[in-house]
Amino acid sequence: MAATYRTIIENSRERLLAFGKTGEITGTMLQRNEQGAPRPIAIEFPDGPHTGERYNADLSFCPNPICICGHAELRLFRDPPGEMEESAPEFRFDLDLIERALATAEKEGRKYDRNIGQAFVEQMREEDWQLLWEHYFAFKRKRTKETPDEELETHFPVAEIEASGATVGFQEILPFTEDLLVEADGSHYLFDDQYCVRSDCNCTTAYLTLVEKVTEECVEKPDMAVLSIDYRSAQWQVENLAGNDADLLERLAKQLISKENRVRIEERHNRLRSLYRIYKRSHHTPARSTTRKVGRNDPCPCGSGKKYKKCCMTG
């Protein structure tokens, strides 16, 4: 199943991050090791053929900061080390975090790697997968911040943008950046922010679509209202109420036009513009005209049968 950036967001821990709970996830089989420990995750199999076995794990992820493959590699080391058999100093297997499945093919790697990997997947519970997502997101977010714009492998629909001024979603281009969240009435509201990046446009407007209401208990999908925010003038308006409460949208809009949020929104717009210029310069070459220049003595293209110099050239 092909993943989208929204699939990644919905499988992430954003609803917990919104309430400042980063680092508080406790798994059934997985536990977070103390900060500074050589390996970030501790594992104890609760059931099955490996019941009671304890390991510490190294995690590694796809290094591309905008790739949404959901790939993770785990290396398991027996805890305490003295219990590890000499023939297998470590176990290594790959996971697909989106499908929540073993990604190591049957013919790849060692048989006992695949066997313990399958046992690992079978013992994983919701909290365990969320703990891995937390590490995945933290790694990808750090890579996104640290990687220069020139090295990011982005993609923009240049023809559509230049022809119609189609807007571009910030997380469509950079899926692991922080969400645009606003608090009201004890809940957090998630917005999808879209911007115009067309070459000849200097607008200062963001189009914000309400996509989620995040509470302590659940994530709700409200009707997708749209606000437009001018981050320079601090003006706003409702583009589409979509059945939502007008007073709630007004409270959200007033928070979005706070100085802190306007600076944040402008920074996101400027980064999209920078990425678009880089992509357009390196990937998009304007089409050359294939029309042949008409010579003075050539037949006139109007179809009169006269030479061009005796016909439309003089007209």
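A residue counts as buried when its relative accessible area is under 20%. The structure described here is a predicted model. Its protein chain has 315 residues, of which 44% are buried, and its secondary structure comprises 8 helices and 13 strands.

**Overall fold**
- Of the contacts between residues at least 6 apart in sequence, 53% join residues at least 24 apart.

**Cysteines**
- Cys196 has a relative accessible area of 8% and is therefore buried; its sulfur lies 3.7 Å from that of Cys201, the closest cysteine sulfur, which is too far for a bond.
- Cys62 is likewise buried, at 16% relative accessibility, and its closest cysteine sulfur, in Cys67, is 3.8 Å away, again too far for a bond.
- With a cut-off of 2.5 Å between cysteine sulfur atoms, the count of disulfides is 0.

**Aromatic residues**
- The whole structure contains 12 aromatic pairs.
- One of these joins Phe61 and Tyr136 edge-to-face, at 5.4 Å centre to centre and 85° between the planes.
- This pair links strand β3 (residues 54-61), which holds Phe61, to helix α4 (residues 126-146), which holds Tyr136, across 75 residues.
- Phe61 is buried at 12% relative accessibility, and Tyr136 is buried at 0%.
- Phe91 and Tyr112 also pair edge-to-face, with centres 6.0 Å apart and planes at 80°.
- Here Phe91 lies in strand β5 (residues 91-96) and Tyr112 in helix α3 (residues 111-123), 21 residues apart.
- Phe91 is buried at 11%, whereas Tyr112 is partly exposed at 34%.
- A cluster of Phe61, Trp133, Tyr136, Phe137, Phe139 and Phe176 is linked by ring pairs.

**Charge over a ring**
- The charged end of Arg39 sits over the ring of Phe77, 3.6 Å from the ring centre.

Notes. Residues are numbered from 1 along each chain as its sequence is written. This is a predicted model: local features need pLDDT of at least 70, side-chain atom pairs count only at pLDDT 80 or more; totals for chains, interfaces and linings use all residues. Side-chain values use heavy atoms; hydrogens and water are left out. Helices (H or I, at least four residues) and strands (E, at least two) are DSSP runs, numbered from the N terminus. Buried means under 20% relative accessible area, exposed over 50%, partly exposed in between (1.4 Å probe, protein chains only). Contact means heavy atoms within 4.5 Å. Rings of Phe, Tyr and Trp (its six-membered ring) pair if their centres lie within 6.5 Å; planes under 30 degrees apart count as stacked, over 60 as edge-to-face and the rest as tilted. A charge sits over a ring if NZ of Lys or CZ of Arg is within 6 Å of the ring centre and within 35 degrees of the ring normal.
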